[in-house]
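Dear colleague,

I am handing over the structure shown below, and I would be glad if you could look through it alongside the notes that follow.

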Amino acid sequence: MNSFVKQRWLGFSLFVVLSGTAIWLQARWFGTVLRLSYLTGWVLFAVILCLTLYNPRKKLPFLPLLSSEAWLQFHIYAGLLTGVLFAAHMSYRIPSGLFQTILACLYVLVMLSGFFGLFVSRALPKRLTARGGEVLFERIPAIRHALQDRAEALALKSIAEVKSATIADFYSRELRGFFEGQRNLGLHLLEVSSPVNRLLNRIKDLNRYLNQEEQVMLEQFAVLVRQKDGLDYHYALQLVLKTWLFVHIPLTYSLLLFTMVHIVLVFAFSGGAQ
Amino acid sequence: MKEQLPPPDFDANRYERPNQNWICGHASQGHPCRVGPDNKGRCRATFECQPLLELKEGQTIGRYRCTRSAQHGGPCDLGPLPDGTCRRPVPKCNPVRSLRARRGIVTMCVIVLTVAVLLIALSKPFRGRFISPGPLSAQHGTATFAAMAAAHPDRGGNACTACHQTETEGPNGWVRSAMGARPGPLQIRVLASAATPVMTSLDQKCLVCHSGHSFHQPNVAEAHSCSICHQEHHGPGPMSAPVDANCLSCHANSEAMETSLVRAKSLPAGAFDYRPEKGRVLFKAPRPERGYTKIIHSFASDHPEFQILAEKMKDADALKFNHQLHLTTVLLTSGKKMTCAECHKPDAAGVYHLKITYEQNCKNCHKLQFDVNNPDLPLPHGDAAHVRDFLRSLSAQYADFGANQKKIIARRELETFVQEQLKQVSQQSGDGEALERRVFFGDARNAPVARIGDRNAIGPAQFPGCAYCHMVSDSGKEIPQIAKPVIPDRWLIRGRFDHSKHFKVACITCHDAEHSRETSDVLLPSKSTCVKCHSPSGGVANNCSTCHGYHSPTREDRVLADKR
Amino acid sequence: MPAAPTTFDRPQRWDAAFDPKMTDADVDRLLDTPPFSNMRAENFPARLPLRDILKQDTSIRRYRQGELIVRQGDYGNSAFLVMSGNVRVVLRPGLPPSLLGRREPARKNVFRLLAQMWANRKEPESLQASELKGDKRIGARVGDGDEVKVFLQDVPRVLSEQKTDLIQRGELFGEIAALSRMARTATVFAESEEAELLEIRWQGLRDIMRYDDALRKQVDTIYRERALRSALRQVPIFRRLSDEALQEVIARTELSTYGDYDWSGEYKRLAQAAATGQRKQEPTIAEEGDYPNGVVLIRSGFARVSQKFGHGHRTLNYLGAGQFYGFEEIAHNWRNPASPLPLQYTLRVIGYAHVIVIPTTVMEKLVLPAVPKGDLPPLITPVESEIATAPSKDAAEKIGSEMLEFLTESRFFNGTATMVIDLERCTRCDDCVRACAAAHDNNPRFLRHGPSHGRIMIANACMHCVDPVCMIGCPTGAIHRGAFGGEVVINPVTCIGCKACFNNCPYEAIRMVEIRDESGAFLTDKELNPIIKATKCDLCVEQVGGPSCQRACPHGALARLNLNEIDVFANWLER
């Protein structure tokens, strides 16, 4: 991953240089520069605005405005820089007062959700690829439905073909619920596979009591169960990959609104307000 | 267990359109309808085909033909109804929003919620509490202050408007104030400059109550902003002391120092003479030529040596006192050596010490017994005129003494007593004028009693004469001039010192009394003594405000007394 | 099992005749007309009698006045023989693109680019009726066999504006394009009221050429003269040859075509049957260990380079148009005549390959002396043990042989702009699809899904193949190569939705869509059939800055790669 490593080195070293400069300047100017927190605040606001420009850029993919990859790298490292600028702006103190505490909390939430997003963007695709069974998220309900139909059909077929209700009973007792809708969302995220293992073990246990034909049929059920589990896994992880932005983006708007009120307040109540 | 799965089957002939906002409700079953929902999310499904009326040649009534496309199954078996309606209506669905559209809704809701919260929180009842950036200090956070602020004729409202007049104006007014603030939001260069902070409109509000606060020294170039040093909203409790950087904004700024130096030269010397003297004796070191405009960065580094020591000033007190003698040689009646605390007793607050007086500190040892044989009959101390009167009425004094002290009641005995004493006094020291001279002008050299007792003897010191301790000079009149001793009890008048805080430090650490034989010795510690502890390496507080204050005290009483 | 004496080994393609309507009477008629009348049936083997070739591999086509027979730039599988009527070939300056059914995609200017922010249509696949109006100078009619034929409205005008040439009765045209899978060099249309042409599919032509000297010489000469000369001049090692030397090289070069041009059909069948395991026997061009007979230069198609490994063969590389095989061995042997080396690798056809072979003697006598020493490849050090690392290309090592297998079996190396998605970086965010849609009036032009191997997925997006099978058979010329580069674009104005390209494409890159108007109602023709058109990725020719998908991926997971050479892919894997 040569170019990715290079990207990271470039971004990180820029970040270190800029944040070191910011910290050093803040320490040097603290007390001597009159309204240092105003200055740091404006710089912080400018960087945050640049970060938010990523959203409009994504809506203009047909304009040659640098690749989205470059924008994302900027977004990540500039985002880290805002963390440093934020701490410097607050002179490394815990905020006091209701409004400022809410503002700081919003910022921290946006930052944390950003970290979370970065983490899942790098960790989850590898897991999805390792699992295989690539599927489009929007098609999953349809595929799930088809799987459910196939399982039902197989269960019904089993009664007709093998003339015994063992498998069909087993299906309605143990498996029907599994095929209805999404299962084990949280457990898939935590890479816990005990539910499907339990089902497959039960299937294996049932095998003992079946004749040849039935065993063949049950094996088909096992295949369906594994496919359904794979589908659930994909749904769970792809859902997280798509919904973490449901936190990051709305909170950013809140943060921006609060920031603008903060700017007005700070100047309206400053020493120089008329 | 995890295994590599093959991808599931699905209809790959349809594009996936994540950019559409609405998805057909049947898509989750795998059969989205052909036409899809409209932009508002309404299902547009009608029929599977639109039957075509076919009129063959010569026919008047045609037949309807199913026109379902091959892609969707080709013409259906039964064909349309005779009236032209398709036999296969598509069941209407409930269109669902795409995930991206849902994200847009969530974002919009959060924005609306935020705006709502802001509007409510910034409305009049909640405003003050919401936007306050921190609790007020102990001085301004009380109900009393709020009441005072409300009652003041210029203000109406609450504690906020005492300082921030914009508080009452509401968000619209705030925006206007913000844009009109000086320095304003867009004056980035001003915000970033390191100029001396000047008084702002906010600071003018401080002066409404804190009137009469003088600004440091008369030659200050520009009045320093109040709010830069006295920061509010930093928590309950007393306001924190100003930091060094506040002081250094002028005292490390050569431009400011130059300006004030120039200004000082144009002011009369008396303008600088403002320290209160009530009840205190100040050692008035004259103002240095360049004033106090030396560039300073910290106490330990380049704070100048204390002026008294730097200019080797001397104590001009007119009382002769030898600390070394008293501390090393002389013994108390208990047999022990004297300690500092014998004479120098702390005052009620413990900050400084009680004044040294003859009655309190000297009398026990230095009785003015002019008569060796009657040590219990001392001269009165304090006024030369009283002493002269005493000496001229010796017989009456002796008579009183004999009667009251010796209890000689019989008249004849008393007279004898008096005569005897008078006779032996004149033998000791002469009489009349000689006695007076001896009493006033006798010092260690020329008194008849040359020695003050035996150095090792225990007992009160002998009394050679007033001049032993005082400066006595002939005034040309009958009563000689005895210079009144003026013992300064405030030496370093440009800073504060609190002895009670230094209780751990021995007196001699700072005051080198054991080696002082002359009154003119100034027994003050040099700056380096202080720096031993009051420095970053020493670990004790070494800020400017530890010792110095900004506001100079005025001659008149201030409105709010200094409670320190 | 011995075959019955009456059944012969027939070519498999004859299971589906080129034109089932060819009758014996037609064949008789053909045999009476030149050049077939001059051919001797005994020259043809019992397996491939001339009669059967004519019956199975030809078709009699009738054209009316103005109908276009072939278009310049199209790809085709057949040659044509004029049987009756006047047929004209357009020489200069060439018909304007709109007459050929094409639309020159122009890059949008700044305003139109920005207007995409708000002006993209809300309804999917919606077009205004005015956008569907084509060039009035051509028309379309349905010919025999329900075929759509496009014709020029004003033939005299065309004749006066263009320099044309008459193709005589009995003349053959289009044979080079058919044999070598190159684009047609000129447009040919019918001038007279009725023209009758014999269309011969390329396999038939090849077989006839094999057994008829006259035809072979004729085609050969034309090929060598026209196509080969310019092609060889482009190759660096031939550049410095004098004209005479080049002439001799051309004369002595052998031309061969291997495999099956119709590999798309075969491939699809294979894919559907999920054929795994044993690789179907691909024709071998040269075997490892053989004496190098000559340098194989690939002109079109692809060949696999492999080496013996264990009991099987390990694919090391694939070669495409313009690449060599055997040159290193011959150059080595020329410099070290004492210790000559055999061929180090096996060369096998993938799908089809049209190659020219320059014999070793020609190389040693004429070509190698003219190449500067510095340009010669390094001497080969033969490796004894087969287990030791073979001197394979680094790129192949980086890719890994399984991945190479995946690419070659599915013929993905065909693409010059294959959409490769790294599944370990892809967060499935669909930004690429959204970007594609934004650049195409809110209609995405690819599906973010496709065959995958390990962490690489080849999505169903048009690969803009160097061998575009989709372009074969388009009746209206709607699908064509764009002017900017090698990209293949579809002109929605002239597309009639016949699904020829959709069926041909082996990669499921083309999708048929039903066109709507701006309110969302489906557009229909007079019979109330929905108007469908073929759509696919057009590499964003109208946009600025290249394909939007690649630019829109935030994680660098998507790339449009030219897989004709494996270096590009190998480097991308290790990016």
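Predicted model: local features only at pLDDT ≥ 70, side-chain atom pairs only at ≥ 80, totals over all residues.

In chain A, helix H2 (residues 36-52) packs with helix H4 (residues 68-89) at an angle of about 160°, their axes lying 9 Å apart. Because angles over 145 degrees count as roughly antiparallel, H2(A) is described as roughly antiparallel to H4(A), and the crossing of these two helices is left-handed. On the H2(A) side the residues that meet H4(A) include Gly41(A), Leu44(A) and Ile48(A), while those on the H4(A) side include Ala78(A), Leu81(A) and Phe86(A). By class, this contact has eleven nonpolar and seven polar residues, with no charged ones.

Turning to the interface, 31 residues of chain C are in contact with 21 residues of chain A. Helices H3 (110-119), H15 (431-439) and H17 (548-552) of chain C each supply at least two residues of the side that touches chain A, and the largest share, four residues, comes from H15(C). That side of chain C has 13 nonpolar, nine polar and nine charged residues.

Within chain C, helix H14 (residues 401-409) has Met403(C), Leu404(C), Leu407(C), Thr408(C) and Glu409(C) buried. The buried residues of H14(C) pack against several elements of chain C, among them strand E13 (294-309), strand E16 (346-359) and helix H13 (394-399). Just after H14(C), Arg411(C) takes a positive phi of about 60°.

With best regards

How values were computed
Residues numbered from 1 in each chain as written. Chains lettered and ligands numbered in written order. Contact = placed C-beta atoms within 7 Å. Nonpolar A, V, L, I, M, F, W, Y, C, P; charged D, E, K, R; others polar. Buried ≥ 20, exposed ≤ 12 C-beta atoms within 10 Å, placed from the backbone. Axes fitted to C-alpha atoms, helices over the stretch in contact; angles between N-to-C directions. Parallel < 35°, antiparallel > 145°, perpendicular 65-115°, else oblique. Left-handed = near helix turned anticlockwise from the far one by under 90°.
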